[in-house]
Amino acid sequence: MKLYNKVAIVTGGARDIGRAVSMKLAIEGAKVVVNYFNNKAEADKTLELIKQAGGTAIAVKGDMTKAEDVANLVKEAVKAFGENIDILVNIAGGIVGRKKITEQDEAWYDALMNVNFKSTWLCTREVVPHMQHGSSIVNFSSLAARDGGGAGASLYAASKAAVSTFTRAMAKELGPDGIRVNALCPGTIATSFHDRFNTPENRERAKGSYALRREGTAEECADLVVYLASDDSSYITGSNIDINGGSFFS
């Protein structure tokens with residue numbers, strides 16, 4: 001119970017990596033606020049799994065690119081579990097789709113930057129006033145932030161690079177208050193994200209370039225989040241940690 005009686009908010013916490021993170025935080029004793037965007041059924045399933053595991057959680061609907069929804073998420077967390085928020089995990093995001101630079105318009109730019117970076121900024125801004133010494137923020141960047149991403153993913157890569165830089169900046173700003181800020185940089189993780197935006201052929205071919213010759217799992221990402229959220233990592237901040245099975249880049 002490394003996180004006993006801690007309060008955690010997980011944005012995009014209802015499915016895939018978000019579900020695995022929400023469950024492992026709860027199993028370690030945290031009271032979890034599971035944010036979801038529009039899939040209540042997935043959120044309810046996550047709550048049920050947490051309950052079956054003996055954990056405590058609530059679900060709150062909200063678009064994390066909207067300031068008013070973010071404020072409501074924090075309000076509901078405080079109403080349920082008190083003023084202090086110990087852990088924020090910013091997972092909400094996505095690639096939306098793939099377009100070459102000549103096909104992109106301002107709406108496309110706004111969509112990518114908002115869902116991946118603005119959401120992280122808004123949630124951090126809203127939650128920090130409720131954090132105390134020893135609190136932890138864990139952001140989700142990407143391998144794409146380092147290697148530029150795949151075909152048609154330039155703005156996704158750029159938005160995730162913004163998350164990585166913001167992570168370092170917040171570590172400097174919040175460090176004197178005892179608040180740590182780190183990020184995960186996942187490679188190919190076996191989730192519905194890649195089911196939607198990749199092909200089985202590409203995924204199978206890519207495995208040959210990974211040192212471990214396989215895709216990662218949501219649970220492996222969740223284990224790293226628990227580590228970064230707990231006192232086990234008390235001297236780690238400002239780090240963007242690769243979790244990619246040995247997907248090397250220049």
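The following legends describe close-up views of a predicted model.

**View 1. Helices α1 and α2 pack with their axes within 10 Å.** Helix α1 comprises residues 16–27 and helix α2 comprises residues 40–52. Their axes cross at roughly 25°. Angles under 35 degrees count as roughly parallel, and α1 and α2 are therefore roughly parallel to each other. The crossing of α1 past α2 is right-handed. On the side of α1, the contact is formed by R19, S22, M23 and A26. On the side of α2, E42, K45, T46, L49 and I50 take part. By class, the residues of this contact comprise four nonpolar, two polar and three charged.

**View 2. Helix α1 also packs against helix α9, with the two axes coming within 8 Å.** Helix α9 spans residues 218–229, and its axis crosses that of α1 at roughly 45°. This angle makes α1 oblique to α9. The two helices, α1 and α9, cross in a right-handed sense. The contact of α1 with α9 holds 10 nonpolar and four charged residues, and no polar ones.

**View 3. Helices α3 and α4 approach each other with their axes within 10 Å.** Helix α3 covers residues 67–81, whereas helix α4 covers residues 106–127. The axes of α3 and α4 cross at roughly 40°, and the two helices are therefore oblique to each other. Their crossing is right-handed. Helix α3 contributes A67, V70, A71 and V74 to the contact. Helix α4 contributes L122, C123, R125, E126 and V127. Seven residues of the contact between α3 and α4 are nonpolar and two are charged, with no polar residue present.

**View 4. The model contains one cavity of 30 Å³ or more.** The space in the largest cavity amounts to about 60 Å³. Among the residues that line the largest cavity are K2, L3 and K6. Its lining also includes D86 and I87, together with G134 and S135. A229, S230 and D231 belong to the lining of the largest cavity as well. By class, this lining is divided into three nonpolar, three polar and four charged residues.

Key. Residues numbered from 1 in each chain as written. Predicted model: local features only at pLDDT ≥ 70, side-chain atom pairs only at ≥ 80, totals over all residues. Heavy atoms only, no water. 1 Å grid on protein atoms, 1.4 Å probe; cavity = no way out; pocket = protein on both sides within 12 Å on 5 of 7 lines; lining within 4 Å. Points joined across faces, edges and corners; volume = space filled by probe spheres on them. Nonpolar A, V, L, I, M, F, W, Y, C, P; charged D, E, K, R; others polar. Axes fitted to C-alpha atoms, helices over the stretch in contact; angles between N-to-C directions. Helix = DSSP H or I, 4+ residues; strand = E, 2+ residues; numbered from the N terminus. Parallel < 35°, antiparallel > 145°, perpendicular 65-115°, else oblique. Left-handed = near helix turned anticlockwise from the far one by under 90°. Contact = heavy atoms within 4.5 Å.
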